[in-house]
Amino acid sequence: MDFGKLISKIVDVAKDYIENSNSNAQPTQQAPSAQRPVSSPAASAVKREKTDAEWNAYFKEILQGTFSMYSIRENVPVTDLVGFANDEFKLYSTRPMQAYKAEWGKPYTFVLEKDGAAKAVVMLGNGHSHDSNVKYLIARVYAKKMGIPYINFYTQMPNERDYVIGRIRKYLA
């Protein structure tokens, strides 16, 4: 388990603990009819996190259904879009200018294409990956160098359907 998922799980457990602590506390000066109903074990069960495959299927269905005017490619290596580039740029303050090869980048989860050209990149990962993992950072910089919107989604977040569609539309406008 990576660090980001571990932190997310700790936060979820803490929230559940606080909610259960508050629901177990006796309400003060409330009428009996206003008291909370006793929760069933199913109601207090922790939601299961989606797997990477489930997230990919969820996003693929949204992309194919809502953005059918684009062809969609999955798990696209950075080199498919930029070739075997070896460019210098700043990813970390401790290394002001360092060369990063395109093949080191994390493959794009989805690439939306129209008329044979990439129009947007959709990248799935957890917050820690997007913010500090060098593979994600390299993929993002090369998308920026190509002028292609890099749309990242954190898989520890709910990513409601309307939110996903609205966010992608904003970048494609």
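The model is predicted, so local features need pLDDT of at least 70 and side-chain atom pairs count only at pLDDT 80 or more, while totals for chains, interfaces and linings use all residues. Residues are numbered from 1 along each chain as its sequence is written, and side-chain values use heavy atoms, with hydrogens and water left out.

**Stop 1: helix α2.** Select residues 52–66, the 15 residues of α2. Helices (H or I, at least four residues) and strands (E, at least two) are DSSP runs, numbered from the N terminus.

Now colour Trp55, Tyr58, Phe59, Ile62, Leu63 and Thr66, which are buried. They lie on the same side of α2 because they cover an arc of only 125 degrees around the axis (the arc of the directions from the helix axis to the C-beta atoms). Buried means under 20% relative accessible area, exposed over 50% and partly exposed in between, with a 1.4 Å probe and protein chains only. Turn to the face away from the buried side to find exposed Ala53 and Gly65.

**Stop 2: the neighbours.** What do the buried residues of α2 pack against? Show β1, β4, β5, β6 (150–154) and α6 (161–172) to see their partners; contact means heavy atoms within 4.5 Å.

**Stop 3: strand β4.** Select residues 108–114: six of the seven residues in β4 are buried. Look for Ile72 opposite Leu112 of β4.

**Stop 4: the hairpin.** Lys114 has Ala117 of β5 as its bridge partner. Two residues sit between the strands of this hairpin, where Asp115 takes a positive phi near 55 degrees.

Conventions
Pairing = 2+ DSSP bridges. Expected span 1.5 Å × (residues − 1).
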